[in-house]
Amino acid sequence: MTRFRSTIAALALSLAAAPALAVQPNEVLKDPVMEARARHISEGLRCLVCQNQSIDDSDAPLAKDLRVLVRERLKEGDSNGQVIDYVVARYGEFVLLRPVFGWHTLLLWLSPLLAVGLGAFGIWRLSRRRPPTRVAGLSKAEEAEVEALLKRP
């Protein structure tokens, strides 16, 4: 039982460390307001290597380069929107963790609704199925014929 508890405790500690960011101390801006802006922007940018993490959470060299790029653009006086536009112009919309809502991404945004709608339609169609008709029993003559066949050697 103690081994189980120690395993659970170790697992809980490792999960508590999960949200640790990959931002290195040498990347952090001295101005806390600018650093907060950089973190806010970085949370919405995808690591192009890991693809399921923000650049703040990734240890990949490309994610580090993107974090540095974001901070450099902020130092140059760009607004948050200008920094994001610059990164998107350079790497494409795939770099955004939340894709923009537009005509070219409409299917992406509507596919969950379509899936739920198709599922509901399928359930409705299944519920409307008619029960199978009962098969009529064998007639007396057919029963006698079956009995005769079963008694044959």
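At 58% relative accessibility, Phe 101 counts as exposed (exposed is over 50%, buried under 20% and partly exposed in between, with a 1.4 Å probe and protein chains only). The model is a predicted one, so residue numbers simply run from 1 along each chain as written, local features need pLDDT of at least 70, side-chain atom pairs count only at pLDDT 80 or more, and totals for chains, interfaces and linings use all residues. Trp 109 is partly exposed at 29%. The other pair, Phe 121 with Trp 124, is tilted, at 5.9 Å centre to centre and 35° between the planes. These two residues are 3 apart in helix 5, which puts about one helical turn between them. Both are partly exposed: Phe 121 has a relative accessible area of 47%, and Trp 124 comes in at 45%.

Rings also meet charges here. The charged end of Arg 46 sits over the ring of Phe 94, 4.6 Å from its centre, and Arg 73 lies over the face of Tyr 86, at 3.9 Å from the ring centre. For this, NZ of Lys or CZ of Arg has to be within 6 Å of the ring centre and within 35 degrees of the ring normal.

Helix 5 spans residues 106-127 and includes Leu 113 (helices are DSSP runs of H or I, at least four residues, numbered from the N terminus). Leu 113 is exposed, at 61% relative accessibility.

Methods. Side-chain values use heavy atoms; hydrogens and water are left out. Rings of Phe, Tyr and Trp (its six-membered ring) pair if their centres lie within 6.5 Å; planes under 30 degrees apart count as stacked, over 60 as edge-to-face and the rest as tilted.
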